[in-house]
Amino acid sequence: MSSDDEDLITGIGDIIFQEPSGYYPPPKPATFESRTLQTGETLQLRLVGHNPLWGHHLWNGAQVGTDYLYDHARDLVQGKTVLELGAGAGLPSIAAAVWGARQVVVTDYPDEDLVENMRMNIDAAKDVLPMSANIVAKGHVWGTSTDPLLACLRPGWCGYDTLILADLLFNHSEHAALLSTIQSTIVHLPTARALVFFTPYTPWKYDKDMAFFDLARKGGFKVIKVIEKVMDKVMFKDDRGDELLRRTVFGYELSWEHLNV
């Protein structure tokens with residue numbers, strides 16, 4: 001068989017096995033959510049059109065977490081270094097920057113669309129961010145090296161004062177990796193806090209959600225429940241299971257046990 005014949009067959013094969021135009025549905029467009037902060041600033045948050053990592057939702061945990069940051073801004077935000085994990089749109093992080101955090105690093109899985117979306121939301125908030133705001137978006141895989149995250153800090157700083165985790169606990173298989181990142185990034189000071197907000201979206205797995213806190217205790221943290229808020233409606237109306245649980249956001253605070261004296 002000549003090389004010309006081989007090229008012809010290859011070309012025919014490409015045509016035969018090529019999906020017709022319109023075979024795949026077009027990617028879903030981005031959506032936008034508007035959120036007015038307690039201090040009057042309005043944020044226009046862009047959400048990716050669809051993402052297997054669930055970054056296309058503005059989660060209840062992020063909204064309740066943002067409210068909690070405002071209520072405790074003096075201790076958790078003002079002049080503090082803040083790191084958010086699995087941030088999605090980055091609402092709590094951007095709010096922290098607006099409210100006077102010294103430095104904010106907002107992170108999610110290093111998917112190009114997710115990271116670029118966080119950067120777009122930071123850029124969209126530039127008119128309400130103070131001139132002194134220091135906020136950047138980074139990709140991070142939980143459980144991997146946190147050196148790139150720590151490198152964002154000023155020389156001599158060895159960790160973040162406040163960590164934010166909003167609606168991440170449903171990733172049960174990733175609890176150990178998530179805790180590893182917390183342990184590696186939170187500063188070893190008695191005032192340091194990791195804030196964990198979540199809703200049991202699959203109520204029959206509530207015990208698995210809560211297992212994260214058992215792991216955190218074994219990992220050296222004191223765990224305190226700080227908030228329980230029932231939302232007006234469920235996020236996913238067609239889901240099954242206890243509706244009250246699916247409307248409830250729980251908030252917990254992690255601090256270093258050996259520094260709580």
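Predicted model: local features only at pLDDT ≥ 70, side-chain atom pairs only at ≥ 80, totals over all residues.

Reader: Where does Ala-192 sit, and which residues is Ala-192 in contact with, leaving aside neighbours within four places in sequence?

Author: Ala-192 lies in the loop between helix H7 (175-185) and S7; helices (H or I, at least four residues) and strands (E, at least two) are DSSP runs, numbered from the N terminus. Apart from neighbours within four places in sequence, Ala-192 is in contact with Tyr-160, Asp-161, Ile-186, Val-187, Leu-254 and Ser-255, contact being heavy atoms within 4.5 Å. For Asp-161, which is 31 residues away along the chain, the C-alpha atoms of the pair are separated by 4.7 Å.

Reader: And S7 itself, how many of its residues are buried?

Author: In strand S7 (residues 193-198), 6 of the 6 residues are buried, so the strand is largely enclosed by the rest of the structure. Arg-193, Leu-195 and Phe-197 point one way, Ala-194, Val-196 and Phe-198 point the other way, and all are buried.

Reader: What joins S6 to S7?

Author: Strand S6 (residues 162-166) runs parallel to S7 and is joined to S7 by 5 bridges, and Leu-163 has Ala-194 of S7 as its bridge partner. Two strands are taken to pair if DSSP finds at least two bridges between them.

Reader: Zooming out, what is the strand order in the open sheet?

Author: The open sheet has 7 strands in the order S5-S4-S3-S6-S7-S9-S8, with mixed pairing. Strand S5 (135-139) and strand S8 (221-230) are at the edges with a single partner strand each, so one side of each has no neighbour in the sheet. From one strand to the next the twist averages 20°.

Reader: In which sense do S8 and S9 pair?

Author: S8 and strand S9 (residues 248-256) pair in the antiparallel sense over 9 bridges, and Lys-229 stands opposite Val-249 in S9.

Reader: Changing topic to helices: at what angle do H7 and H8 pack?

Author: H7 and helix H8 (residues 206-218) pack at about 40° with their axes 10 Å apart, the axes being lines fitted to C-alpha atoms, for helices over the stretch in contact, and the angles running from 0 to 180 degrees between N-to-C directions. That makes H7 oblique to H8, given that angles under 35 degrees count as roughly parallel, over 145 as roughly antiparallel, 65 to 115 as roughly perpendicular and the rest as oblique.

Reader: Which residues make that contact between H7 and H8?

Author: H7 contributes His-175, Ala-176, Leu-178, Leu-179 and Ile-182, and H8 contributes Lys-208, Asp-209, Ala-211, Phe-212, Leu-215 and Ala-216. By class the contact has 8 nonpolar, 1 polar and 2 charged residues, where Ala, Val, Leu, Ile, Met, Phe, Trp, Tyr, Cys and Pro count as nonpolar, Asp, Glu, Lys and Arg as charged, and the others, Gly among them, as polar.

Reader: And how do H2 and H4 cross?

Author: The axes of helix H2 (residues 60-71) and helix H4 (residues 91-98) come within 8 Å and cross at roughly 20°, which makes H2 roughly parallel to H4. Ala-62, Gln-63, Thr-66 and Leu-69 of H2 meet Leu-91, Pro-92 and Ala-95 of H4.

Reader: How many of the residues of H4 are buried?

Author: In H4, 8 of the 8 residues are buried, so the helix is largely enclosed by the rest of the structure.

Conventions: Residues numbered from 1 in each chain as written. Heavy atoms only, no water. Buried < 20%, exposed > 50% of the residue type's maximum accessible area, 1.4 Å probe, protein only.
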